[in-house]
Amino acid sequence: MKKTSLSLAIGGIIGMSAAGLLPQQAQAQAGGTGADMLEEVVVTGSRIRRPDLAGANPVSVIDSMELQNQSYTSIGDVLQQMPFSAGAATNTQVNNGGSGAVNFSLRGLGSSRTLVLINGRRAVPSGLGANSTVDLNNIPMNMIERVEVLKDGASAVYGSDAVAGVVNIITRQDFEGTDFSVTRGQTSRSDGEQTTAEFSLGTSTDRSSFIVNGYWTEQKPIWAGERDFAEQEVWFNPYWDPEGQAFGGSSAPPWGLYSGLTRGPEFGDFRPYDSTSDSYNYAPANYHQTPNERWGFSAFGNYELGDMGELRNVEVFGEAMYTNRNSQRLIAPEPLAPLVFFGSPAPYSDLNQYNIDFGPKDADGNTMVIDDWRRRMVETGGRDQHHEANTHQITMGISGEVATWFWDASAFYGKNTGTVIDEGYFQLERVAEAVGPTFMDDTGNLLCSTDGTAGGVIPGCVPLNVFGEPGGPNEITDEMLQYISGNYISLTQGGNEMNGVQFNASGPLMQLPAGELGMAVGLERRHYSGFSQPDSLQLLGVSTAGSSQATSGSYNVREAYVEFAVPLLADRPGVDMLELSVASRYSDYNTFGSTTNSKLGLRWTVNDELTLRGTVSEAFRAPSIPDLFFGQFTTYPTATDPCATDPTPSCIADGVPEGGYDASGMTQLQTIGGGNPDLQPEEADIFTLGAVYQPAAVEGLSMTLDYWDIEVDGAISSIGTQTILDNCHATGTNCDLIERWGPGQGAVPGSTRNIFNLAANVGGVDASGVDFSARYVLPPTEFGSFTVGTDIAHILKYDKTLATGEVIEHAGRFEDNHDGNFPEWRANVVTNWSFQNWDATYTLRYIDSVTEPLNNWWNVGGTERKVTSQTLHNIQASYNLDEWNSRFTLGVDNIFDRQPPFSDTGFNDNTDVRTYETRGRFYYGRVSFNF
């Protein structure tokens, strides 16, 4: 209702403006000059060009100097360090579940609800195939002039995805000369090396400018075993350990577990398994920081054509960017336990010669059939996943002026391709063959046989011996691995494409008593497509890598927008300027239909010291290609159908007999998951209120304070098998998602045949918080110039509503099974000093403590615990050597080598690697030359 009311109100305002003001446009423009427009700029959050940077929207700016004060090689990592970052955005510290990409989640609402722009235009979704977000690794740091982060909904200006806000990356455009830099760094433990080489070449004339950038960066791995906090999985359980922590491990060790018997780490005689001493510590075999190598180039240019009749200052421009990324994920070797871990029986036969010679024996000394056997397959070197992604985007356009209006038109095309190779997994049918009966032929060759005879020999099969010690005389051989694993390397190929055209125009409509009435209008059309194609091994699900389904689809959108900047009052007592901003955007998708999203903003400049601002807006997120077209797959979750024992009228209408049905043994119900082409967009209502204060009594001091509130409805998720069944039973809703067996179909009539748990618009998010920023440029001293700045983010509320209606509170909590990490307080403090040729920077980063639920199976004696805070201190110093046109920089991140806090629910390395600094102390140096 709020969304509809705002759209209708703004529609009325825009209608009156168009009807009453457009006929006067020619008269209003008569006195304008093109020279005036050249001094105007566009700030993220508005398409209207204006001579000042102030507006009703809260915008944070990260300039090129602040980027140079970082050791990070990806703008995504820089953004994740900002206080307004929260949630669960991925980065290269995410090993198990990572893809080598770096994303950003503004206010924790998710990467898919944070729009990424490059020079005000959309970037192609990128990753490894059928992606909905932008991999920020694709944007090299040396091409960035500044980053503008709009912390407000902006669908009225930019369209879909601008729910939490917008990250607009502004590239360097005017540069003349050559610069080259090399950066090298590593941790105090001599690992995690990073090397970056960058260059820029720019030239310009009176009518043109051109700049090209190139870069190469490499990040080497950090092993989990090289960090105290990650070298072994830790479980929090006061019942087991008075201090609450106990070491975890795996029951599938390299020394094996065979029907309760093991050889132990000493590889001695078989004895009963003891979980306290015989479990396997798999943590050291994992990456903590994943390796990542990228290279690419970008080029930006423009050429002024001059005046062409009524069109003045016409110029053509172009942009091109390309990035290649190679990355890797490595997790511990496969725990091969066919029956227990994969539900695939593969009994070790008592007719298998290796079992006869080396396997455990029963009380009478006889070889046993081993149904439950487990072996960590360390001989593979681990479950290895290699990624390669190639991304390019090209934009061509033309711009100019007509009367007092500025206009631009552009066409853009972006493409991303990805390849994923998985190694170190096993084909379970072949494993069953290899541990089955064996037969030895006349030449002494041991062969697989279905019955232990020559007639049952399985061609090509190599019997498997898992009882030996790795590296010992009876170890698993390369031939054994090749048969069950080496021939089953999985390949997945994917990609994303985006193309489109847009037209924008902005300028003054007329002169009002308080100033010029500004207007912007525009049209845009985009086409998206994406796919992810796994190979037959994954489609059939015949290996321990699991099953995957193909994703493929596309959609189109056509959009039009209008925006006004209306000066209401000026030069009055208590009102230097009062300006109303109005915007609305119409979007027509070929998938779900159309939507209109609008925005109202008010900026009240009280005097030279104080400005008040506020906005109320609508936003939306259109269903992405994976949301719509993700390949359908089958799962078997544990669930109970209440209609079986209590058939309500809605159950009976759905095909359940009046007396119910016998559900004995029906505990895991076949469920179909995947994308849903009938999805509707997520919708959001957003409100911000803030103030900017620059006290005259303290020259050089500026402060901003902003309150924000975001409500998201119709969040795209899934309902859940049990919830679907419960809803059908109680109210009749979701019965259409249940397919039941009918009479005479070979199963129990009325029982579930398929439950369709596809993506759906369910639940939502209700979040609010406060941001504070301050900057103080101190008066110059004989010791140099000092600048101090701070950014503080405080989360008041983040409530996630599930499909069941249950509300999960996140503020001040780490909910790893939901939306991630939401410290109530995050803060950065930066102090800069400059004296003659010297510059230095000190940065403090603070992340507040959070509470996490104790919901793992080993949690006994408590329901939640506190994850402590983290405070980091970074320093950097630079010296400009003018005679060499060079700059030398040394820096240390995490001076005191603070380790991340322990988290019981953190999926990787006993902490939350998406939130905390985990490398430890990091040294780096940089040398730059400019000619």
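Reply: One may begin with contact, which means heavy atoms within 4.5 Å. The model shown here is predicted. Take T73 as a case: apart from its neighbours within four places in sequence, T73 is in contact with M141, Q194, T196, T217 and R294.

Me: Where does T73 sit, and is T73 buried or exposed?

Reply: Burial is judged by relative accessible area, and a residue under 20% is buried. T73 has 18% relative accessibility and therefore counts as buried. Its place is in the loop between α4 (64-68) and α5.

Me: Which residues does T133 touch, and in which loop does T133 lie?

Reply: T133 lies in the loop between β3 (121-122) and β4. With neighbours within four places in sequence left aside, T133 is in contact with N103, S111, S112, P125 and S126. T133 has a relative accessible area of 17%, so T133 too is buried. As for separation, T133 and Y693 are 560 residues apart along the chain, and their C-alpha atoms are 36 Å apart.

Me: Which residues lie nearest the centre of the largest cavity, and which strands contribute to its lining?

Reply: The lining of the largest cavity has 30 residues, and R122, P125, S132, T133 and D161 lie nearest the centre. At least two lining residues come from each of β2 (114-118), β24 (490-512) and β25 (515-534).

Me: How is a nonpolar core to be read, and which members of the largest one touch the most other members?

Reply: A nonpolar core joins buried nonpolar residues through side-chain atoms within 4.5 Å. The largest has 42 residues, of which I75, L79, L136, I139, I144, V147 and I169 touch the most other members. Elements giving two or more residues to this core include α5 (75-80), β4 (144-150), β5 (165-171) and β38 (785-801). Another core, of 25 residues, lies apart from it and has A346, L428, V435 and C448 among its members. Returning to I139, its contacts are I75, I118, I144 and I169, residues up to four places away in sequence not being counted.

Me: How many aromatic pairs does the structure hold, and what parts does the pair of W295 and Y322 tie together?

Reply: Two aromatic rings pair if their centres lie within 6.5 Å. The structure holds 21 aromatic pairs. W295 and Y322 form a tilted pair, at 5.3 Å centre to centre with 55° between the planes. W295 belongs to strand β16 (residues 292-308) and Y322 to strand β17 (residues 311-331), so the pair ties together parts that are 27 residues apart in sequence. W295 is partly exposed, at a relative accessible area of 38%. Elsewhere, Y258, F270, Y348, W373 and F467 form one aromatic cluster.

Key
Residues are numbered from 1 along each chain as its sequence is written. This is a predicted model: local features need pLDDT of at least 70, side-chain atom pairs count only at pLDDT 80 or more; totals for chains, interfaces and linings use all residues. Side-chain values use heavy atoms; hydrogens and water are left out. On a 1 Å grid over the protein atoms alone, a cavity is a set of points where a 1.4 Å probe fits but cannot get out, and a pocket is an open set with protein on both sides within 12 Å along at least five of seven lines; lining residues have an atom within 4 Å of a point. Helices (H or I, at least four residues) and strands (E, at least two) are DSSP runs, numbered from the N terminus. Buried means under 20% relative accessible area, exposed over 50%, partly exposed in between (1.4 Å probe, protein chains only). Rings of Phe, Tyr and Trp (its six-membered ring) pair if their centres lie within 6.5 Å; planes under 30 degrees apart count as stacked, over 60 as edge-to-face and the rest as tilted.
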